[in-house]
Amino acid sequence: MAADVETMFSTREKPWHGLGTIVAEAPDSREALILAGLDWKVIQKKIYTGDRKLIHGYRANVRDSDHQFLGVVSDRYRVVQNEDAFAFTDALLGEGVRYETAGSLQSGRRVWMLAKLPNEYIILGEQISPYLVFSNTHDGSGAIKVAMTPVRVVCSNTLNLALHTTKRCWSAKHTTNIAGKLDKARETLLFAKTYMTALGAEFEELSRIQMPDRKVMEAVKELLPMKDDMTIQQKKNVRNLQEDLKRRYFDAPDLQEVGRNAYRFVNAVSDFSTHNRPLRETANYKENLFMRTMDGNALIDKAYRMVKAA
């Protein structure tokens, strides 16, 4: 893993190829801020040309601890400090919230934190745990994002489906009144139970959609298509990916009692998307995988739409 991951901590295993700090249990926000290396502030400085002329309308975001340059932003940009982000999640989740992982990416340009929501859900006889993910950028490249993502505990697969009936993600630009927007985020995420209820209903429906082996094979090919203009090596790579997904559907120990249905297929695709190593692992592969926890996973959503339309 390249140095995109600057600092972080995790309560489970040391993630991202040894980067980060293992802790015995999820700490409170004050401990998390320090363990994650996020106990610094963003300051804004004026920008000048080489001949000392002030550039109007823009500021440079800089980390106060080491003067690391983070990015150029407009003078409408409003900084949300790391400590304020943690204070927000404390207020959102209530006293005693425990953080599972947090850290800094790209030399402080992006920060995130993940906390476990207090409620547990049993859906189709399986434990599903909802988590809160908060992401912020200090370089002007993106919005503040807050999302609830459910995790199937038995295999740690994310099941953050894009449902039409309810939202699981909220965002706000840094140019708006952040304090007021965070209140809206609090309202949205307090409806996590609504999302989990809708998700449970979707899983029940998926479990009733039977998928004979023939349909599974067809779905795998549609999800991971082989194209005529591919090279021999590319076709071989796609074939290997197809076989990997089939194994995750037919052979996964945690799916043996689930039944041959669409719910099983979506779970197999989630396992494939979450745990399969790409044929060519890029420097920021793990970072992108984590951010799909926030933004959603296109392959899982595609599988979900496919089996629903069948």
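Student: Which residues does leucine 161 touch, not counting residues up to four places away in sequence?

Tutor: In this predicted model, leucine 161 touches Arg168, Tyr195, Leu199, Phe203, Val266, Ile300, Asp301 and Tyr304. A contact requires heavy atoms within 4.5 Å. Leucine 161 itself is found in the loop between E11 and strand E12 (169-172).

Student: Why is leucine 161 called buried?

Tutor: The term applies under 20% relative accessible area. Leucine 161 has 0% relative accessibility, and therefore counts as buried. One of its contacts is Val266; the C-alpha atoms of leucine 161 and valine 266 are separated by 9.7 Å, although the two residues are 105 residues apart along the chain.

Student: What covers the buried residues of H10?

Tutor: The cover includes strand E11 (157-158), helix H5 (192-207), helix H6 (213-223) and helix H8 (262-275). The buried residues in H10 are Ile300, Asp301, Ala303, Tyr304, Met306 and Val307. Among them, Ile300, Asp301 and Tyr304 are touched by leucine 161. As a general point, an α-helix has 3.6 residues a turn, so residues three or four places apart point the same way.

Student: How do you know what span to expect for H8, and what is found?

Tutor: The expected span is 1.5 Å times one less than the number of residues. For the 14 residues of H8 this gives 20 Å, and the end C-alpha atoms are 20 Å apart, so the two values agree. Helix H10 (residues 298-309), with 12 residues, reaches 16 Å from its first C-alpha to its last, close to the 16 Å expected.

Student: What makes H8 a largely enclosed helix?

Tutor: Of its 14 residues, 13 are buried, so H8 is largely enclosed by the rest of the structure.

Student: Why is asparagine 261 said to cap the N-terminal end of H8?

Tutor: A side-chain oxygen of asparagine 261 lies 3.2 Å from the backbone nitrogen of tyrosine 263. A polar contact needs N or O atoms within 3.5 Å, and the 3.2 Å distance therefore meets the cut-off. The side chain of asparagine 261 also has a polar atom 3.2 Å from the backbone oxygen of valine 258. At the start of H10, a side-chain oxygen of asparagine 297 reaches to within 3.0 Å of the backbone nitrogen of leucine 299.

Student: Where does asparagine 261 lie, and why does it count as buried?

Tutor: Asparagine 261 lies in the loop between helix H7 (232-250) and H8. Its relative accessibility is 4%, and the limit is 20%, so asparagine 261 counts as buried. Leaving aside neighbours within four places in sequence, it is in contact with Leu206, Ser207, Ile209, Gln210, Met211 and Tyr249.

Student: How many aromatic pairs does a search of the whole structure find, and why is the pair of tyrosine 249 and phenylalanine 250 given its particular class?

Tutor: The search finds three aromatic pairs. The rings of tyrosine 249 and phenylalanine 250 have centres 4.9 Å apart and planes at 85 degrees, so the pair is edge-to-face; the cut-offs are 6.5 Å for the centres and over 60 degrees for this class. Both tyrosine 249 and phenylalanine 250 are buried, and Tyr249, Phe250 and Phe265 form one aromatic cluster.

Student: What makes arginine 264 a charge over the ring of tyrosine 249?

Tutor: Arginine 264 lies over the face of tyrosine 249, at 4.9 Å from the ring centre. The distance limit is 6 Å, and the charge must also be within 35 degrees of the ring normal. The charged end of arginine 63 likewise sits over a ring, that of tryptophan 40, at 5.1 Å from its centre.

Student: Which strand pairs with E7 over seven bridges, and what is the sense of the pairing of E1 with E2?

Tutor: Strand E9 (residues 126-137) pairs with E7 in the antiparallel sense, and the bridge partner of valine 111 in E9 is asparagine 136. E1 and strand E2 (residues 21-22) pair in the parallel sense over two bridges, with phenylalanine 9 opposite threonine 21.

Technical notes. Residues numbered from 1 in each chain as written. Predicted model: local features only at pLDDT ≥ 70, side-chain atom pairs only at ≥ 80, totals over all residues. Heavy atoms only, no water. Helix = DSSP H or I, 4+ residues; strand = E, 2+ residues; numbered from the N terminus. Buried < 20%, exposed > 50% of the residue type's maximum accessible area, 1.4 Å probe, protein only. Polar contact = N/O pair within 3.5 Å; in protein donor to acceptor, adjacent residues only side chain to side chain. Pairing = 2+ DSSP bridges. Phe/Tyr/Trp six-rings, centres within 6.5 Å; stacked < 30°, edge-to-face > 60°.
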